[in-house]
Amino acid sequence: MTSAVATEVVSGPATGGTAGRPVAAEAPLTAVAMSGGLDSSVAALLLERQGVPVVGLSMLLWDRSQQVRHGRCCGSLDLGDARRVAEQLGLPHYTLLMDGEFRRHVVDPFVDSYVDGRTPSPCISCNTEIKFEAFRERARRLGAGRIATGHYARIRRGDDGLYELHTAVDTSKDQSYFLFELTQEQLARAVFPLGELTKTEVRELAREAGLAVAEKGESMEICFVDQGVQEFVEDERPELPRVPARMTTTAGEVLGEGAPTYRYTVGQRRGLGVAAGRRLYVLDVQPEANRVVVGDRDELLAPGLVGSGLHWIAGEPPGDGVEIQVRIRSRHPGVAATVESGPGASCRVEFSEPQAGVAPGQAAVFYRGTQVLGGCWIEGALR
């Protein structure tokens, strides 16, 4: 291990079994991103059983001094679980300090998005910028040619030689939506050992192996937010003015004052702070005008969206106007749509039927059957 890498490693190999062996730069290693949760632990278990040379790498991303409970996936308590599992499996284990990258690429953009009236998807940013970019580079510098994670998704090689991303067998746990920005190079060096398994099967494997995390529950959706999202935004941006937003209809009628704009997201129904005698939804958040536009559910429906950051996993589109399925949220059931590329990486997506809750800042991910074709970032709804 070179001195440059050593400055990035918080703790070295776990002891026990072969855990004390050095990580040779030329070794054909697979680095498992071990968060201390059930899924990444079983991913390491499966690869070790297959005889794959494995090193466990954990990322210390957030809250390393004040954490008081498990389930945060990027904090100190859970990384202790990762180390214990590595010891059980006899794997070398290293903890990497990556809080700077995490704040720069995930936390700060997350907060800025809310301030700008958008609804961010930090898990996608974490996958794109941290797990499959910064972490992959750290793993490479430690001698690992591939990385493995506990994601529920599948990688296949098409007849054309290109790598394909597919949904997991367990559709209730499928995480392919959060991976739409992966490239051919990243897929070629990634391994998803859990893609063909159900969550029940994964837990049973952990129990049979006696892993320390066999009965551990699910990690939190936003691992670095330990309170309400809005409270987190205020803690991170104490200089934000706490000015009540004007709540208006699309016609401009002022219904009253609510909370500051960063406390609202498109599609929100509860906690609007105004009474109108009917059920209202947030249609638009306009921080620059200190305005939140609300309306009936019918007004929330949109025939399509305008997107940015258009990305195709194959490197090129299947053809403008091709009909696909698009999901506008991770648990959205999907709707048939057509995608038309625009200037730069912009695009226009038209749904086969109007959809509610097209929220700027979220991702629109394109599917054809089980295959993820790519996606874009939502800039706004078509009206």
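The chat below goes through the model topic by topic.

Student: First things first, what kind of model is this?
Tutor: This is a predicted model. The chain has a mean pLDDT of 89, and 88% of its residues reach 70 or more.

Student: Ok, and where is the pLDDT under 50?
Tutor: One stretch is residues 1-7, where pLDDT stays under 50 and the model has seven contacts beyond four places in sequence. Residues 13-27 are also below 50, and that stretch has 27 contacts beyond near neighbours in sequence. Where pLDDT is low, the predicted coordinates should not be read in detail.

Student: Got it. How many helices and strands are there?
Tutor: The chain comes to nine helices and 18 strands.

Student: And how much of the chain is buried?
Tutor: Of its 383 residues, 53% count as buried. As for contacts with a separation of 6 or more, 66% of them join residues 24 or more positions apart.

Student: Let's talk about the inside. Which residues touch the most other members in the largest nonpolar core?
Tutor: Those are Leu57, Phe102 and Phe224, in a core of 51 residues. Helix H5 (residues 122-141) gives the largest share of this core, with seven residues. Another core lies apart from it and has 27 residues, among them Leu45, Ala86, Leu205 and Val213.

Student: Pick a pair for me. Why is the pair of Phe110 and Tyr114 called edge-to-face?
Tutor: Their ring centres are 5.3 Å apart and their planes meet at 70°, so the pair counts as edge-to-face. The cut-off that matters for the angle is over 60 degrees.

Student: Where do those two sit?
Tutor: Both are in helix H4 (residues 99-115), four residues apart, which is about one turn of the helix.

Student: Is Phe110 buried or exposed?
Tutor: Phe110 is buried, because its relative accessibility is 1%. Tyr114 is buried as well, at 9%. The cut-off for buried is under 20%.

Student: New topic: what lies over the face of Tyr367?
Tutor: That's Arg327, at 4.1 Å from the ring centre.

Student: How about strands, how do S9 and S10 pair?
Tutor: Strand S9 (residues 246-248) and strand S10 (residues 254-257) pair in the antiparallel sense over three bridges. Met247 has Gly256 in S10 as its bridge partner. Five residues lie between the strands of this hairpin, where Gly252 takes a positive phi near 95°.

Student: Which residue other than glycine has a positive phi?
Tutor: Asn290 is one of them, with phi near 50°. Asn290 is in the loop between strand S11 (281-286) and strand S12 (291-295). Its relative accessibility is 23%, so Asn290 counts as partly exposed.

Student: Last one: where is Leu179?
Tutor: Leu179 is in the loop between strand S7 (163-167) and helix H6 (184-188). Even in a loop, Leu179 is buried, with a relative accessible area of 1%.

Student: So what does Leu179 touch?
Tutor: Leaving out residues up to four places away in sequence, Leu179 touches Asn127, Phe132, His151, Ala153, Leu165 and Phe192. The C-alpha atoms of Leu179 and Val372 are separated by 8.8 Å, with the two residues 193 apart along the chain.

Definitions and conventions
Residues numbered from 1 in each chain as written. Predicted model: local features only at pLDDT ≥ 70, side-chain atom pairs only at ≥ 80, totals over all residues. Heavy atoms only, no water. pLDDT = per-residue confidence, 0-100. Contact = heavy atoms within 4.5 Å. Phe/Tyr/Trp six-rings, centres within 6.5 Å; stacked < 30°, edge-to-face > 60°. Buried < 20%, exposed > 50% of the residue type's maximum accessible area, 1.4 Å probe, protein only. Lys NZ or Arg CZ within 6 Å of the ring centre and 35° of its normal. Core = buried A, V, L, I, M, F, W, Y, C linked by side-chain atoms within 4.5 Å. Pairing = 2+ DSSP bridges.
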